[in-house]
Structure formats: C-alpha cells, structure tokens
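Q: Could you take me through this model? I would like to begin with the sheet and then turn to the chain as a whole.

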Amino acid sequence: MGIDFHSKKNRVTYTTRTTDHTWTEAIKNLVPIEKISKAVDIGCGGGIYSMALSDMGVAMVTGVDFSEPILEGARENCKEYKNISFKHGSSFASGLESNSFDLLLERALIHHFKDLPACFNEANRILKEDGFYIVQDRTPADCLLEGTNSHIRGYFFELFPRLIETETKRRHDTQTVVSALKEAGFKDIQEITLWETRKVYETKGQLLQDLSERTGRSILHELDDNELKVLINHIDESLKSETNIVEKDRWTIWKAVK
C-alpha cells in the first residue's frame with residue numbers, strides 16, 4: 001500500500017507538529033548555527049524544521065520537496081515566516097545553485113530511496129566549501145526497540161511483525177551511510193543518537209486520534225483500516241498513562257562537512 005505523497009489528502013499530514021528543543025539543542029551542538037546565514041531543508045514536508053532553522057537564527061531558509069500538495073501545506077504552515085521560501089525539487093535534482101548554502105538538512109528522507117550516492121553528490125554540489133550537511137534518519141536498530149509509554153512506534157512492530165521487514169528493508173545502516181558520505185567527498189563525519197520528542201499529548205485520546213489519521217507516519221499506510229483499528233486498540237490497552245504522554249523516537253544523525 002504505502003503513502004501517496006502526491007495525494008492532496010496528505011497535504012497537511014506533515015504540518016501538525018512543532019519541533020522540540022531536544023532537536024534544536026542537538027543541532028546547535030553539531031554545527032555553529034550562529035554562523036549559518038543560508039540553509040536548505042530538502043524533503044521539507046510541512047516545513048516544521050524549516051521554521052525551526054529560522055527560529056534558531058538562520059537568515060534565509062529554502063524548503064525543497066518533490067510533492068506539490070505537501071509544498072502547498074508547507075507554504076500555508078510557514079506563511080508568517082517571510083525568510084522561508086519553498087521550491088519543487090528532489091534530493092537528486094534540487095534545481096538549486098551550486099556552492100550556495102552553509103547548511104543542508106535532510107531529515108527523515110533517505111529511507112525513501114536506495115540511491116544514497118546520487119543524493120549525497122547533489123548535497124555536495126549545492127553546499128558551500130566547508131558547509132555542513134545534516135542527515136537524520138533511523139537505522140534498522142533504531143526502528144525495532146520495544147514499545148513503551150513513550151516509544152509508541154515500538155508497538156507497531158510488536159503487533160504486526162510483517163512491518164519489521166518493510167521497515168528494515170528501507171532503512172540504511174550506519175556503515176552504508178558513512179561510506180556513501182565519504183565517497184561523495186564529505187569529511188569530518190560525526191554520528192550521534194538522539195531521542196527526539198515527537199509530540200506531547202495532553203490525553204491518550206489525542207494520541208489515538210493522531211494514530212487513526214496516520215498523521216506524519218508513513219509506516220501506518222502499510223496497514224489497512226481494520227488493521228489500524230486493531231493497532232489503536234492494542235496501544236490503548238498497553239499504555240499506562242491517560243494524560244501527559246510524551247512520545248519519543250530514536251534517531252541517528254550524521255553530520256558531515258564539505
């Protein structure tokens with residue numbers, strides 16, 4: 001099944017969160033954000049990380065996505081940010097000028113394709129000399145942690161083991177990522193693990209509603225409507241807390257320098 005990123009019904013699926021301080025602090029520890037004047041967010045989705053970069057002090061941010069409907073949602077989501085612009089393009093062919101950005105962010109993007117060299121070569125092309133490249137995604141190991149009151153995602157795979165194969169097939173291990181970065185000409189590669197707060201729900205009902213709409217979770221598009229109901233009931237029964245649910249996901253972030 002899978003998500004159709006070009007469907008208008010998914011226009012706002014990636015606009016419903018705000019970036020948590022756990023992410024902004026991690027980025028500040030990796031790059032000298034005060035020296036970044038021009039950044040690009042490729043695979044920008046709803047623009048929430050484009051806004052985060054702006055809020056961190058980046059003077060000019062460009063968001064790039066290959067889905068026109070999702071870009072429509074991003075433009076609406078970021079309409080108050082006059083220093084953010086959006087462009088239709090991909091990680092292989094961004095259409096951006098060479099040697100033009102201080103920072104390139106690609107978050108939750110590389111698991112959607114196999115051709116890392118093409119992606120990383122394009123990143124190298126558009127970054128300035130000594131520009132910073134931030135790649136954030138889940139490795140297979142990040143994906144398969146058990147479900148807990150905060151790691152909701154773990155329940156998906158416990159209940160539907162077939163999703164394990166779907167998930168691990170599309171994820172790149174760290175050795176593959178680092179090797180491809182080096183092949184593309186990047187240096188000073190650093191890797192960190194981040195437990196990023198995805199969202200804080202005042203009530204369990206809010207979380208269950210979010211899950212029922214598959215909001216921002218492409219893996220849930222692998223389940224049909226009946227299976228999704230089964231999953232939601234399972235999570236409802238499994239979670240101990242009824243209020244103040246802090247959902248976290250484990251990510252791997254690779255920082256590289258051109």
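**Sheet, packing and confidence**

Q: How many bridges join E6 to strand E7, and how do the two run?

A: Strand E7 (residues 243–257) runs antiparallel to E6, and 13 bridges join them. Strands are DSSP runs of E with at least two residues, helices are runs of H or I with at least four, and both are numbered from the N terminus. Two strands count as paired if DSSP finds at least two bridges between them.

Q: Which residue in E7 does threonine 197 stand opposite?

A: Threonine 197 faces lysine 248 in E7.

Q: What is the strand order of the sheet?

A: The sheet is open and has seven strands in the order E3-E2-E1-E4-E5-E7-E6, with mixed pairing. Strand E3 (84–88) and strand E6 (187–203) are the edge strands, each pairing on one side only. From one strand to the next, the twist averages 20°.

Q: Which strands does helix H9 touch?

A: Helix H9 (residues 204–212) packs on the sheet and touches E6 and E7, contact meaning heavy atoms within 4.5 Å. The direction of H9 makes about 120° with that of E6. Such angles run from 0 to 180 degrees between N-to-C directions, with axes fitted to C-alpha atoms, for helices over the stretch in contact.

Q: Valine 200 next: what does it touch?

A: Valine 200, which lies in strand E6, touches Asn244, Ile245 and Val246, leaving aside residues up to four places away in sequence. The C-alpha atoms of valine 200 and valine 246 are 4.5 Å apart, although 46 residues separate the two along the chain.

Q: Why does valine 200 count as partly exposed?

A: Its relative accessibility is 45%, and partly exposed covers the range between buried (under 20%) and exposed (over 50%), using a 1.4 Å probe and protein chains only.

Q: What share of the chain is buried?

A: Buried residues make up 53% of the 258 residues.

Q: Where is confidence low?

A: The model is predicted: local features need pLDDT of at least 70, side-chain atom pairs count only at pLDDT 80 or more, and totals for chains, interfaces and linings use all residues. Residues are numbered from 1 along each chain as its sequence is written, and side-chain values use heavy atoms, without hydrogens and water. pLDDT, the predictor's confidence in each residue from 0 to 100, stays under 50 over residues 9–15. Where pLDDT is low, the predicted coordinates should not be read in detail. The chain mean is 92, and 93% of its residues reach 70 or more.
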